[in-house]
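Here's a quick tour of a protein model for anyone meeting it for the first time. Take a look, and then we'll walk through some of its charged pairs.

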Amino acid sequence: MKYLQLIWTAMFRRKTRTIFTLLSVLAAFLLFGLLDSVRSAFANAASSVAGVDRLVTVSRISFTLPLPKSLLPRIQALPGVAQVTYANWFGGVYQDPKNFFANEAVADNFLDLYPEWLLSAAERTAFRNTRTGAVVGESLAEKYHWKLGDKIPLQATIYPQKVGGNAWAFDLVGIYRAADPKRKSQENALFFNWDYFDEARAFGNGNVGWYVLKVSDRELAQQVAQAVDALSTNSDHETKTQTEQAFNAAFVSQFGDIGLIVGAIMGAVFFTLILLTGNTMAQAVRERIPELAVLKTIGFSNHSVLALVLAESVLLIVLGGAIGLALAGVVVDAVRAAVGTGVPMTRVGGAIWLRGAGLMVLIGLIVGALPARRGMRLRIVDALAGR
């Protein structure tokens, strides 16, 4: 610590260059914090269901495979299960393929399991009693200027009708809104009557996409999940019961290997960072060759000079990296508050900080290795002579 002032002064000898380098390091570790938060969410999504009161049951093979509706009464009869509902992804588009939003066929009690979505009693009744009824989120209704009583046509991309082809039409009977204003992103979905969907679709009748369970006690969540999955053991429709976060993660995973994508991006970012900061450190040491020679003249050993240059390199990376990770924590918390489980992300906690700190030190040592070696092997006479 007694050499900290010396290291700090050397690092800010060229303030402009150092500041821009710090900004580059900050941006790299801000990106690392955001991407590692997503990667961690996908890695941990299926770990445990303990402590949650709402579970999702999907096919163990793939969440895109259907499950028989005959599982419903068996799940309802399990101890610890308070309510059960089911849904099926529809995948329709509105007027233009660019107008894509979540749309699902759901049971008439589906919205009852989501008390955080506010819908009047009259609209709930209308949804149950209207065969072609649909409910949409307030944000989605505002986007397309929909109002109660409107007909909403959707073009099917997966399920054509037995009669009528890909053209489906629904009657808007309810508009829900999120109780928490920070969860407005949950208002971008359309739900319609599953019975109508199952009667009219050309294939897949009698099957559902997934089940949603509400447990009577959060402490029983793990036990309930195991009991549900045991119902279909050794059958052709084995299930996997998981949290909503895991379900959302599985949905996003269908578009690619998230871990591989994140790893490739971070590899490219850190490779570029090493080149940039390595060049900065090489220039800094080259400009201070006479000063390093003076340090050796007054008693600094070769290893002391090596340590000073490496410490400067590590401090440069750690300073920018710590600020970047702190900003990533703020951004992740804001995103989680805004979209909830819609985008799987974990908080930037101790595990991410530990990985980040390790990368900071490692990168600092890598970029400082060659300049530090040059300083250590420096001959006083040659340096003072300008050779």
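Asp112 and Arg128 meet through their side chains in a salt bridge, 2.8 Å from N to O; the term stands for a side-chain nitrogen of Lys or Arg within 4 Å of a carboxyl oxygen of Asp or Glu. This pair links distant parts of the chain, 16 residues apart: Asp112 sits in the loop between strand S4 (102–106) and strand S5 (117–118), and Arg128 in helix H4 (residues 121–129). Helices (H or I, at least four residues) and strands (E, at least two) are DSSP runs, numbered from the N terminus.

A word on where this comes from: the model is predicted, so local features need pLDDT of at least 70 and side-chain atom pairs count only at pLDDT 80 or more, while totals for chains, interfaces and linings use all residues. Residues are numbered from 1 along each chain as its sequence is written, and side-chain values use heavy atoms, leaving out hydrogens and water.

| Pair | N to O distance |
|---|---|
| Asp112 and Arg128 | 2.8 Å |
| Asp198 and Arg201 | 2.7 Å |
| Arg60 and Asp229 | 4.0 Å |

How buried or exposed are the partners? Buried means under 20% relative accessible area, exposed over 50%, and partly exposed in between (1.4 Å probe, protein chains only). Asp112 is partly exposed at 29%, and Arg128 is partly exposed at 35%. Asp198 and Arg201 are both buried.

Overall, the whole structure holds twelve salt bridges, and the chain has 13 helices and twelve strands.
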